[in-house]
Amino acid sequence: MESILADSIPRLAAKARLKFDKVREKNLLLLPEKVVVLNETAASILTLCDGRQTVNTITEKIRASLQAETETADPSALPDLQTMKADISEFLREMEDQGWVVIQKHGSVDNEE
């Protein structure tokens, strides 16, 4: 399995759409004939998958967001940047395998729709 490089650029697949359900107060990933209820972290990552930001940029934004939330808490509780990059890359790989995310690597699109 090829790893996702930090300079890879993910985006939601054309068939996928993010939505916040006000009734359930949950983030949803809407797909043809399927709805996936997302946790807060997954929704945050997928929101940043706009086809313009690299995995590295997404990781830095998620980390900055977590740091802002934990300023009053223990900041050492945050995982290091490399661990976060690995976790986010693995998550995006799973999303790509499901066909929910397309990842552009080295100037080409690996998962055409």
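User: What volume does the largest pocket have?
Analyst: About 250 Å³. A pocket is an open set of points on a 1 Å grid over the protein atoms alone, where a 1.4 Å probe fits, with protein on both sides within 12 Å along at least five of seven lines. The volume is the space filled by probe spheres set on the points. This is a predicted model: local features need pLDDT of at least 70, side-chain atom pairs need 80 or more, and totals for chains, interfaces and linings use all residues. Residues are numbered from 1 along each chain, and side-chain values use heavy atoms, without hydrogens or water.

User: Which residues are closest to the pocket's centre?
Analyst: T41, I45, I62, L66 and M84, out of 13 lining residues. A lining residue has an atom within 4 Å of a point.

User: Which helices supply the lining?
Analyst: α1 (40-47), α2 and α3 each give at least two residues. Helices are DSSP runs of H or I, at least four residues, numbered from the N terminus.

User: OK, helices. At what angle do α2 and α3 cross?
Analyst: Roughly 120°, and the axes of α2 (residues 55-69) and α3 (residues 81-98) come within 10 Å. Axes are lines fitted to C-alpha atoms over the stretch in contact, and angles run from 0 to 180 degrees between N-to-C directions. So α2 is oblique to α3.

Key: Parallel < 35°, antiparallel > 145°, perpendicular 65-115°, else oblique.
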